[in-house]
Protein chains: 2
Amino acid sequence: MRENLKILAFDVFGTVVDWHGSIQREVNAHWPQIDGDAFALAWRAGYVPAMQRVRSGELGWTRIDDLHRLILETLLPTFGLTHLTQAERQNLNRAWHRLDPWPDVVAGLHRLKTQYTLCTLSNGNLGLLTALSKHGQLPWDCLLSAEVFRAYKPDPATYLGVADVFNVKPAQTALVAAHHDDLAAARACGLVTAYIERPLEYGPHHAKDVSPQAGNDFHAKSFLDLADQLGC
Amino acid sequence: MRENLKILAFDVFGTVVDWHGSIQREVNAHWPQIDGDAFALAWRAGYVPAMQRVRSGELGWTRIDDLHRLILETLLPTFGLTHLTQAERQNLNRAWHRLDPWPDVVAGLHRLKTQYTLCTLSNGNLGLLTALSKHGQLPWDCLLSAEVFRAYKPDPATYLGVADVFNVKPAQTALVAAHHDDLAAARACGLVTAYIERPLEYGPHHAKDVSPQAGNDFHAKSFLDLADQLGC
């Protein structure tokens, strides 16, 4: 156990759950003829630009569920799915509520939970986070989201907000994430940082560089590896 | 299982946890000479007036942790505890983070969780709810609090906020509480209501009327009884 560290806040998409594989599987279960790999990548690629429309003020505060739906509407013509009913579109959009965790996650969280308070820190909305946590049986102590802070990562209000909710110092809080930009923003706010290797985040055909970068306090191959390093 | 009902939102103080017994035990473990029963009742009695100071605008938005501390300061002279250091006062204030659940709670929540999404809806802040849930091993799917909605119960924004977070109708959401006024406010917003008998909420020397009142959809002796009635 690392002294003084109290709170582990986890990025979710890519770090906890395999969005690429889950979306690809769900799309191909319904429509085997569609390139599920391309569909998953295109849906995710719309995510940062959509949040930018909120940040810029073009859109008011919008939950990720609704941003996912906006992006989905733009994908349907490309993938030949304009015949989908409103109910079918809503159900497909809810694929993001059924994302599967990586294989090490549940066991790793249970070990880490014995010595730390575990929360999410995701741009996903609370309803989405609740659904995928129930789906994956993820043992969080608390769900925190951009929705609570009314700001998306990498806004400092999100990282500092975690420390504030638990009435601890930023240095007593760690961000656990598979993305160096997220960790860099957390580090700038004084948080401890832990990088998790997720080489398959974009699927087996799209290599991801998971080599260590300077500045992170921890670099782990999985949540089990992180638990080992933290003595849990 | 009641058709269409999706979300069970639980009041916490008195409904889930035994604040009176827990505070009394903690006070008397440190200071056996103090009337722990009177101390617990006085601390809790300051709670509604303190929230009223926020509602009226006299105080800005304030977490319950800080309201508990304000009330505690007024109690220390009465109970002969003005010699407590700042650290001792803070630790005593954190007694509210260590409240024990009623004996039926953990088993009842596990049964209810198999068919419903379970969340808190408490005026307690997220840090407090997280701590007492970890202490009592309470298997929530999500923690919701006045802190998320920036409004205390019985403000409609809290009850309607639960339905909004999960993107369901108010009628698909139930408030579970041991207090008829809380349930009446939820019912006025269109929520289903479930009353839980907690005859010992104010301790064994202060009787509480737990007889059924018209208007509630469910009246249960415990969370296990509620699980029976909901077919979980």
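Predicted model: local features only at pLDDT ≥ 70, side-chain atom pairs only at ≥ 80, totals over all residues.
Figure 1. Residues are numbered from 1 along each chain as its sequence is written, and chains are lettered from A and ligands numbered from 1 in the order in which they are written. Helix 3 (residues 47–55) of chain B packs on helix 4 (residues 64–78) of chain B at an angle of about 120°, the axes being 10 Å apart. Axes are lines fitted to C-alpha atoms, for helices over the stretch in contact, with angles running from 0 to 180 degrees between N-to-C directions. Angles under 35 degrees count as roughly parallel, over 145 as roughly antiparallel, 65 to 115 as roughly perpendicular and the rest as oblique. Helices (H or I, at least four residues) and strands (E, at least two) are DSSP runs, numbered from the N terminus. Helix 3 of chain B passes helix 4 of chain B in a right-handed crossing (near helix turned clockwise from the far one by less than a right angle; left-handed if anticlockwise). On helix 3 of chain B the contact is formed by B:Tyr47, B:Ala50 and B:Met51, which meet B:Leu67, B:Leu70 and B:Ile71 of helix 4 of chain B; residues are in contact if their C-beta atoms, placed from the backbone, lie within 7 Å. This contact of helix 3 with helix 4 of chain B holds six nonpolar, no polar and no charged residues. Ala, Val, Leu, Ile, Met, Phe, Trp, Tyr, Cys and Pro count as nonpolar, Asp, Glu, Lys and Arg as charged, and the others, Gly among them, as polar.

**Figure 2. Helix 1 and helix 2 of chain B pack with their axes 8 Å apart.** The angle between helix 1 (residues 19–30) and helix 2 (residues 36–45) of chain B is about 125°, which makes helix 1 of chain B oblique to helix 2 of chain B. The crossing of these two helices of chain B is right-handed. Helix 1 of chain B contributes B:Trp19, B:His20, B:Ile23, B:Gln24, B:Val27 and B:Asn28, and helix 2 of chain B contributes B:Gly36, B:Asp37, B:Phe39, B:Ala40, B:Trp43 and B:Arg44. By class, the contact of helix 1 with helix 2 of chain B has six nonpolar, four polar and two charged residues.

**Figure 3. Helix 1 and helix 2 of chain A cross at roughly 125°.** Their axes come within 8 Å, and helix 1 of chain A is oblique to helix 2 of chain A. The crossing in chain A is right-handed. A:Trp19, A:His20, A:Ile23, A:Gln24, A:Val27 and A:Asn28 of helix 1 meet residues of helix 2 including A:Phe39, A:Ala40 and A:Trp43. The contact of helix 1 with helix 2 of chain A divides into six nonpolar, four polar and two charged residues.

**Figure 4. Chain B and chain A are in contact through 13 residues of each.** The predictor assigns the complex an ipTM of 0.94 and a pTM of 0.96. Helix 7 (126–136) and strand 3 (142–145) of chain B each supply at least two residues of the side that touches chain A. Helix 7 of chain B gives the largest share of that side, five residues. The side of chain B that touches chain A comprises six nonpolar, five polar and two charged residues.

Figure 5. The same surface serves both copies, as 100% of the contact residues of chain B recur in chain A.

**Figure 6. A cis peptide bond joins A:Lys153 and A:Pro154, with omega about 10°.** A:Pro154 is in the loop between helix 8 (146–149) and helix 9 (156–165) of chain A. In chain B, a cis peptide bond joins B:Lys153 and B:Pro154, also with omega about 10°.

Methods:
Contact = placed C-beta atoms within 7 Å.
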